[in-house]
Amino acid sequence: MHHIRVQSDPIDLAAEQESLWLGRPEAGAVVTFVGLMRDLNAGVAVSAMTLEHYPGMTEKALEAIAAEAAARWDLLGIRIVHRVGPLSPQEAIVFVGVASAHRREAFRACEFLIDYLKTRAPFWKQETTAQGPRWVEARETDADAADCWGADPAGSPR
């Protein structure tokens, strides 16, 4: 049900999405999120980014996030694929996909997964700018988004 992968190769978005429903005739909804590398952050031009992680620890954290989503909603499949290493603007950083029988569960679970991934997954991002390299700081808005899920097993924001 859960497919978690951290990789340096580009993400095959179409294959990842299709794998969520192929062979699952009970699937009625697939919702995906693709996070892209931007060329601008906090008003500063960014020409590249490098993502770092702790192998093993990162996958465990992603598995825990997926397990929490599966406990909250009736899901048929979860896929999380996250890039590491050097990236250029417009490259996909992360793919999050969810399959379920109905759209509501799929939408909520996908949003939950990316909100929690942004705050609980151990990734570090270093951007390349004209002023030199800089580490990306956590955003308060990401923490606020994850906080809204609370402990409600139905997944409704507080």
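**Exercise 1. Find out which side chain meets Glu 68 in a salt bridge, and say where the two partners sit.**

Step 1: Glu 68 pairs up with Arg 120, at 3.1 Å from N to O. A salt bridge here is a side-chain nitrogen of Lys or Arg within 4 Å of a carboxyl oxygen of Asp or Glu.

Step 2: Now place them. Glu 68 belongs to helix α2 (residues 57–72) and Arg 120 to helix α3, so this pair ties together parts that lie 52 residues apart in sequence. Helices (H or I, at least four residues) and strands (E, at least two) are DSSP runs, numbered from the N terminus.

Step 3: Glu 68 has a relative accessible area of 24% and Arg 120 has 38%. Buried means under 20% relative accessible area, exposed over 50%, and partly exposed in between (1.4 Å probe, protein chains only). So Glu 68 counts as partly exposed, and so does Arg 120.

A quick word on the model: it's a predicted one, where local features need pLDDT of at least 70 and side-chain atom pairs count only at pLDDT 80 or more, while totals for chains, interfaces and linings use all residues. Residues are numbered from 1 along each chain as its sequence is written, and side-chain values use heavy atoms, with hydrogens and water left out.

**Exercise 2. Work out what Arg 5 is linked to by salt bridges.**

Step 1: Start with Glu 16: its salt bridge with Arg 5 has the closest N and O atoms 2.3 Å apart. This pair links distant parts of the chain, with Arg 5 in strand β1 (residues 2–7) and Glu 16 in helix α1 (residues 13–19), 11 residues apart.

Step 2: Look for a further member. Arg 79 joins Arg 5 and Glu 16 in a network of salt bridges.

Step 3: Compare the accessibilities. Glu 16 is buried because its value is 5%, whereas Arg 5 is partly exposed at 25%.

**Exercise 3. Describe the surroundings of Glu 105.**

Step 1: Glu 105 sits in helix α3 (residues 103–120) and is partly exposed at 24%.

Step 2: Skip its neighbours within four places in sequence, and Glu 105 is in contact (heavy atoms within 4.5 Å) with Trp 73, Asp 74, Leu 75 and Ser 100.
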